[in-house]
Amino acid sequence: MGIVGWIILGLLAGAIAKFLLPGRDPGGFIGTTLIGVAGAFIGGWISARWLDHPITKQFYDGATWAAAIGGSLVLLIIYRLLFGDSRR
């Protein structure tokens, strides 16, 4: 799976992460989308590096999707903690 595949996977993973973690994001749709792409890359890297599960070259591999969505969720939570509305 090439870089374009990871970007598409990241866009979808960001949308799924937003669905699983609803609420208001400081960056809106574009920020959440970029977090999804970054989360896909980071989740894939963590999976290959420390979890000893190399990412396959198939777009429809469940472990690849789980790593991408997990990375997106983690980054979305960190993003909300760092840049969330402090007036609540």
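At what angle do helix 1 and helix 3 pack? They pack at about 60°, with their axes 8 Å apart. The legends below begin with the whole chain and then take the close-ups.

**View 1. The protein chain holds three helices and zero strands.** This is a predicted model, in which local features need pLDDT of at least 70, side-chain atom pairs count only at pLDDT 80 or more, and totals for chains, interfaces and linings use all residues. Residues are numbered from 1 along each chain as its sequence is written, and side-chain values use heavy atoms, with hydrogens and water left out. Along the sequence the pattern reads α-α-α. Helices (H or I, at least four residues) and strands (E, at least two) are DSSP runs, numbered from the N terminus. The chain has 88 residues, and 33% of them are buried. Buried means under 20% relative accessible area, exposed means over 50%, and partly exposed lies in between (1.4 Å probe, protein chains only).

**View 2. Helix 1 packs against helix 3.** The angle is about 60°. That makes helix 1 oblique to helix 3. Axes are lines fitted to C-alpha atoms, for helices over the stretch in contact, and angles run from 0 to 180 degrees between N-to-C directions. Angles under 35 degrees count as roughly parallel, over 145 as roughly antiparallel, 65 to 115 as roughly perpendicular, and the rest as oblique. The crossing of helix 1 and helix 3 is right-handed. A crossing is left-handed if the near helix is turned anticlockwise from the far one by less than a right angle, and right-handed if clockwise.

**View 3. Gly10 and Trp65 sit on helices 1 and 3.** Gly10 belongs to helix 1. Its relative accessibility is 0%, so Gly10 counts as buried. Gly10 and Gly71 are 61 residues apart along the chain, and 9.5 Å separates their C-alpha atoms. Trp65 lies in helix 3. Trp65 is buried too, because its relative accessibility is 17%. From Trp65 to Ala13 the C-alpha distance is 7.4 Å, across 52 residues of sequence.

**View 4. Helix 2 crosses helix 3.** Helix 2 spans residues 28-49 and helix 3 spans residues 62-83. Their axes come within 6 Å and cross at roughly 120°. Helix 2 and helix 3 are therefore oblique to each other. Their crossing is right-handed. Gly70 is in helix 3. Gly70 is partly exposed, at 27% relative accessible area. Gly70 and Gly39 are 31 residues apart in sequence, yet 7.4 Å apart in space, C-alpha to C-alpha.

**View 5. A nonpolar patch lies on the surface.** Its members are Ile3, Val4, Ile7, Ile8, Leu11, Leu12 and Phe41. Together they have about 590 Å² of accessible area. Helix 1 (residues 3-20) gives the largest share, six residues. Ile8 is in helix 1. Ile8 is partly exposed, with a relative accessible area of 41%. Patches are made of residues with over 30% relative accessible area and no salt bridge; like charges are joined within 9 Å, nonpolar side chains (Val, Leu, Ile, Met, Phe, Trp, Tyr) within 5 Å. A salt bridge is a side-chain nitrogen of Lys or Arg within 4 Å of a carboxyl oxygen of Asp or Glu. Accessible areas come from the Shrake-Rupley method with a 1.4 Å probe; for residues, only the protein chains shown count as cover.
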